[in-house]
Amino acid sequence: MGRFHRHADGTEHEHPHDHDHPHDRDHGDHSGYATATERVTVLERIFDENDRIAAANRADLAAAGVFAVNLMSSPGAGKTTLLRETLARLQGKVRIGIVEGDIETSLDADRLAGFGAAVELVNTGNGFGGECHLDAPMVRRALTRLPLDELDLMVVENVGNLVCPAEFDTGEHVRVMVYSVTEGEEKPLKYPVMFRSADLVLVNKVDLLPHLDVDLALFEANLRRVNPSVPTIEVSARTGLGVDDWCGWLLERATGSAALPGSR
Amino acid sequence: MHELSLCGAIADITTRRAEGRPVGVIHLKVGALRQVVPDSLLFCWTMLTEGTDLDGSVLDLDRVPARLSCRSCEVDFPLPDPPAFACPQCLGLNVVVVAGEEFDITALEFAPA
């Protein structure tokens, strides 16, 4: 166990911390901190507030009979194009709400208009360049604007990013990742937390495979190292290959009679 | 770069627990699987707390390496690099994360009044 310090003068160091002792006293005055301090043990999970709101979202969605998907990927993997194709196929079969996360623009939300889905845009700009993810409070605000009782399926299109969205439960029932074959085989090993949290991985842009050197078998092997049992579906949002399979996967869950996780 | 939102959550909890007392050091336990960049967290903390009651307080990070446990062999082992969520002994996939997902405030030190 390492211990990482930054002192008031800006210097940092790390020292081994494998000895066993109670953590109720200071480490002497080498730390530069004032020694006559009162130390109080607290045990608080920093994600607690987010996770409580996520549980409330999940319960509200379950009560309204809405199956919720958190759709995540790197930027440019094809989430919006795939979602557009998905809406075109599911229009009239299932009632869909979209929560569209984007740092600044409404470009993606605009591309999803015209398919009968209710689209709620969540701009994550916060004055510091924008949040890199959607969290449970942001999705909660969007939920209040969506007609939940009139929906069967809600898709949260997260901000394109392979790190931060994995950390924040938004209240979804499943997490679906879009991985595109142009991203290289090592992505699961570089972003294990995100790939491990996925309940389904859509392997997108497979129409490009003849033009690429990518080794899909190696990608699959790397994916299995971090998430041994996750199913995958090969798709091409451009040609439509596999999109019906993906829509079938969604439809089965959005219209399933089984109680949704999170039901009270 | 979600460290800014994390700092916001840390500040909320700390302010609530401090009940008006001046905070010197905030001790955190940060698991390796939490994808927190220490430098980013410390930078965001300084930026976020400037001019607030928490101005001048310091984050102390205790980093916890990721460990897995095989349910079949009942053996603990560190997560290898590159990562593989399988038992090195039986090669089975029935493994659980037993450490490395922590992200907690463990203690607060209050400056002398």
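A: In chain B, three strands make up an open sheet in the order β4-β3-β5, and their pairing is antiparallel. Strands here are DSSP runs of E with at least two residues, helices are runs of H or I with at least four, and both are numbered from the N terminus; two strands count as paired if DSSP finds at least two bridges between them. The model is predicted, so local features need a pLDDT of at least 70 and side-chain atom pairs count only at pLDDT 80 or more, while totals for chains, interfaces and linings use all residues. Residues are numbered from 1 along each chain as its sequence is written, and chains are lettered from A and ligands numbered from 1 in the order in which they are written.

The edges of this sheet are β4 (75-78) and β5 (95-99) of chain B, each of which pairs on one side only. Neighbouring strands are turned against each other by 35 degrees on average, direction ignored; axes are lines fitted to C-alpha atoms, for helices over the stretch in contact, and angles run from 0 to 180 degrees between N-to-C directions. Strand β3 (residues 67-70) of chain B pairs with β5(B) over four bridges in the antiparallel sense, and in β5(B) the residue opposite B:Cys70 is B:Val95.

Strand pairing also links the two chains, where β3(A) runs antiparallel to strand β6 (residues 103-110) of chain B and is joined to it by six bridges. Within this pairing, A:Glu44 has B:Ile105 of β6(B) as its bridge partner.

The contact between the chains takes 38 residues from chain A and 37 residues from chain B, where two residues are in contact if their C-beta atoms, placed from the backbone, lie within 7 Å. On the side of chain A that touches chain B, the elements giving two or more residues are β1 (2-6), β3 (38-45), α6 (192-197) and α7 (216-226) of chain A. The largest share of that side, eight residues, comes from β3(A), the strand that is bridged to β6(B).
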